[in-house]
Amino acid sequence: MASKINLSQFLLLLFFLAQYAFVNGDTSLIKSTCKNTKYYKLCFSCLKSNPTSPNADTKGLALIMVGIGMTNATSTSSYLSSKSLPPTNNTSLQRVLKECADKYSYAGDSLQASVQDLADEEYDYAYIHITAAKDYPNACHNAFKRVPDLVYPPEIASREKGLKHICDVAMGIIDNLINI
């Protein structure tokens, strides 16, 4: 005897099938796009984990990476401004951390500007803004170097590396747009 499926079971099944198809959608554009970037694994994992990427075109993939970069820059700026850092009476360290927080904020602003550039298909300007965002962490690192006896914290070094790699991936995707 055939079993009957009630409406709620059908909708639940449909929901799970849609989730599977949405998250595990066609990844051929993601793969081909990421192959042309400096950090394939980073590109692929970031884009594959984003639920909007299976339906995105190349410009959409670039926007996703820029958004990831904005999140990184904003969270790093917040981290550097936060009270979660160990309290210190070292005014030089406080000054450098403030400078670094500002630099990461500027990086986020540059990435935000690249969003409009991408929307306007001004890919050269988007590239310039992303390059600027990639360079702001260098100013933070250099601020630590200017003060004797200050050690560049590993957490900030890791965040710097992450933002630079994300920006490299976004620039690689923009290279794909320019060559279309």
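**Aromatic pairs**

I counted three aromatic pairs, where rings of Phe, Tyr and Trp (its six-membered ring) pair if their centres lie within 6.5 Å. I looked up Tyr 40 and Phe 44, which form a stacked pair, 5.9 Å centre to centre with 10 degrees between the planes; stacked stands for planes under 30 degrees apart, edge-to-face for over 60 and tilted for the rest. I also looked up Phe 144 and Tyr 152, whose ring centres are 5.3 Å apart and whose planes lie at 70 degrees, so this pair is edge-to-face.

Tyr 40 and Phe 44 both sit in helix α3 (residues 40–49), four residues apart, about one turn of the helix. Helices here are DSSP runs (H or I, at least four residues), numbered from the N terminus.

I then checked accessibility, calling a residue buried under 20% relative accessible area, exposed over 50% and partly exposed in between (1.4 Å probe, protein chains only). Tyr 40 is partly exposed at 31%. Phe 144 is buried at 2%, and Tyr 152 is buried at 15%.

**Basis of the entries**

I note that the model is predicted: local features need pLDDT of at least 70 and side-chain atom pairs pLDDT 80 or more, while totals for chains, interfaces and linings use all residues. Residues are numbered from 1 along each chain as its sequence is written, and side-chain values use heavy atoms, with hydrogens and water left out.

**α4 and α5**

I found helix α4 (residues 58–81) packed on helix α5 (residues 91–119) at about 160 degrees, with the axes 8 Å apart. The axes are lines fitted to C-alpha atoms over the stretch in contact, and angles run from 0 to 180 degrees between N-to-C directions. The two helices are therefore roughly antiparallel (over 145 degrees; under 35 is roughly parallel, 65 to 115 roughly perpendicular, the rest oblique).

**α5 and α7**

I found α5 and α7 packed at about 15 degrees, with axes 13 Å apart. That makes α5 roughly parallel to α7. On the α5 side the contact (heavy atoms within 4.5 Å) includes Leu 97, Tyr 104 and Leu 118; among the α7 residues are Arg 159, Glu 160 and Leu 177.

**Leu 177**

I followed Leu 177, which lies in helix α7 (residues 154–178). Leu 177 is buried at 9% relative accessibility. Apart from neighbours within four places in sequence, Leu 177 contacts Thr 58, Lys 59, Ala 62, Leu 118 and Tyr 123. I also looked up Glu 121, 56 residues from Leu 177 along the chain; their C-alpha atoms are 9.1 Å apart.
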